Amino acid sequence: MTRESRHLIVFGVPDSSQEDAIKEAFDRFGPIEKVKILPGGEDGEERSVLVDFMDIKSAISAHEASVSMGGEDVRTEYSETTLASLNRSRRKWQDRRSDL
């Protein structure tokens, strides 16, 4: 399990969402340093985004809240902002979705 951090990986972001819309969905929790849209994964994996807040309290608030984009709820996990961390989180998310 990844410890709390100011970095969040966001899963389930609609393909049509641009950086401004992603910032708008998350800036109510606090100032954002950076948003990075990640390329879609293989085998139909959903689009993921990294949201880096300026402080950890903002990231915790966003992680604990219910956030919707394009009428769908998105899911967040804390990130260590490393590629290995991202890949582990993507695999866990895909495994959970396939169990539904």
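Biologist: What makes Val51 in E3 the residue opposite Leu8?

Modeller: Leu8 faces Val51 across a strand pairing; E1 (residues 7–11) and E3 (residues 48–53) run antiparallel, joined by 5 bridges. Two strands pair if DSSP finds at least two bridges between them, so E1 and E3 count as a pair. Strands here are DSSP runs of E, at least two residues, numbered from the N terminus. Keep in mind that this is a predicted model, where local features need pLDDT of at least 70, side-chain atom pairs count only at pLDDT 80 or more, and totals for chains, interfaces and linings use all residues. Residues are numbered from 1 along each chain as its sequence is written, and side-chain values use heavy atoms, with hydrogens and water left out.

Biologist: How do you know that E1 also pairs with E5?

Modeller: DSSP gives 4 bridges between E1 and E5 (residues 72–78), again antiparallel.

Biologist: Why is E1 called largely enclosed?

Modeller: Buried means under 20% relative accessible area (exposed is over 50%, partly exposed in between; 1.4 Å probe, protein chains only). In E1, 5 of the 5 residues are buried, so the rest of the structure largely encloses the strand. One side has His7, Ile9 and Phe11, the other Leu8 and Val10.

Biologist: What makes E2 and E4 the edges of the sheet?

Modeller: Look at the order, E2-E3-E1-E5-E4, in an open sheet of 5 strands. E2 and E4 each have a single partner strand, so one side of each lacks a neighbour in the sheet.
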